[in-house]
Amino acid sequence: MGNIQQRKLRYFILVSLCLTSTPPAADGQIRLAGSGSTRCAGRVEIYYNTTWGTVCDDDWDLTDAGVVCRQMHCGTALSASQSAHFGEGTGQIWLDDVGCSGSERSITECQHRGFGTHNCGHGEDAGVVCSDGQIRLAGSGSTRCAGRVEIYYNTTWGTVCDDDWDLTDAGVVCRQMHCGTALSASQSAHFGEGTDQIWLDDVGCSGSERSLTECQHNGFGTHNCGHSEDAGVVCSGEKTFG
């Protein structure tokens, strides 16, 4: 009986390990990281030789950024940031002098000097902002799927005014953030006041838009609001357990 129980225990342990272990990243895998990063905006990092590393901004342009955005399933490139806009990485700098034609499936398929061959420091780390990643939820008490709505435009994050802000508008944000449906469209800086720019005012979505910026609005930066009117959302995708 003891041997049978031991065999069952070993089998259970092996099955548990198979179910819970996380496969390692593969060479050429890519991620966006750094200060202010989102799923589709951030410092470009490449996984190679068991290590994550950055990309140098020498010759970094919208064509190169476009390959990254497509590889990340994040739409088209809005900007190809340079000079460690999303903060400096650490460790390896994997790619330098990247030159993409635009048709590549992966940034590592583009021309470059070779993995690890560069003349850069992390102050030159390259980044991207993609069309599907120009939004984030921030502020006091915010989570991945609830917070003050902020838009990235013209290299700056800014807020949305709550004039005419409703559940239809909030629903576009929630869908864009892959956060389910909208539970509430908060007003009056419910998640705290933002700073700097107020990018959108009098937003009017039909509900079918892929991005909040596709909705009708007064134009980027055209508003009659203060940050005490910053709009927010709470989406169904954020589960709370208590």
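Reader: Which residues of α3 are buried?

Author: In this predicted model, the buried residues of α3 are D169, A170, G171, V172, V173, C174 and Q176. Buried is a label for a relative accessible area under 20%, and 7 of the 10 residues of helix α3, which spans residues 167-176, carry that label, so the helix is described as mostly covered.

Reader: What do the buried residues of α3 pack against, and what is found at the start of the helix and just after it?

Author: The buried residues of α3 pack against β7 (135-143), β8 (146-153), β10 (182-186) and β12. At the start of α3, a side-chain oxygen of D166 comes within 3.1 Å of the backbone nitrogen of T168; a polar contact requires a pair of N or O atoms within 3.5 Å, so the distance meets that cut-off. Just after α3, H178 has a positive phi of about 55°.

Reader: How do you know that α2 is mostly covered, and what covers its buried residues?

Author: The count is 7 buried residues out of 10, namely D64, A65, G66, V67, V68, C69 and Q71. What covers them includes β1, β2, β4 and β6. At the start of α2, a side-chain oxygen of D61 lies within 3.1 Å of the backbone nitrogen of T63, and α2 is followed by H73, whose phi is positive, near 55°.

Reader: Why is D64 said to have no salt bridge?

Author: D64, which is in helix α2, is buried, and the nearest side chain of opposite charge, R70, is 10 Å away. A polar atom of the D64 side chain does, however, lie 2.9 Å from the backbone nitrogen of C100. Beyond four places in sequence, D64 is in contact with D59, V98, G99, C100 and I107.

Reader: What makes T76 exposed, and where is T76 placed?

Author: T76 sits in the loop between α2 and β4 (77-79). Its relative accessibility is 52%, and the label exposed applies over 50%, so T76 qualifies. Leaving aside neighbours within four places in sequence, T76 is in contact with C69, V129, C130 and S131.

Reader: Which elements give two or more residues to the largest nonpolar core, and which residues have the most contacts inside it?

Author: The largest nonpolar core has 24 residues, and those with the most contacts inside it are V44, W60, V68, I107 and V128. Two or more residues come from each of β1 (30-38), β2 (41-48), α2 (62-71), β5 (92-95) and β6 (127-130), with α2 giving the most, at 4 residues. Apart from this core lies another, of 23 residues, among them L137, C145, V173 and C215.

Key:
Residues are numbered from 1 along each chain as its sequence is written. This is a predicted model: local features need pLDDT of at least 70, side-chain atom pairs count only at pLDDT 80 or more; totals for chains, interfaces and linings use all residues. Side-chain values use heavy atoms; hydrogens and water are left out. A nonpolar core is a set of buried Ala, Val, Leu, Ile, Met, Phe, Trp, Tyr and Cys residues joined through side-chain atoms within 4.5 Å. Buried means under 20% relative accessible area, exposed over 50%, partly exposed in between (1.4 Å probe, protein chains only). Contact means heavy atoms within 4.5 Å. Lys and Arg count as positive and Asp and Glu as negative; His and the chain ends are not counted. A salt bridge is a side-chain nitrogen of Lys or Arg within 4 Å of a carboxyl oxygen of Asp or Glu. A polar contact is a pair of N or O atoms within 3.5 Å; within protein, one must be able to donate a hydrogen and the other to accept it, and residues adjacent in sequence count only if both atoms are side-chain atoms.
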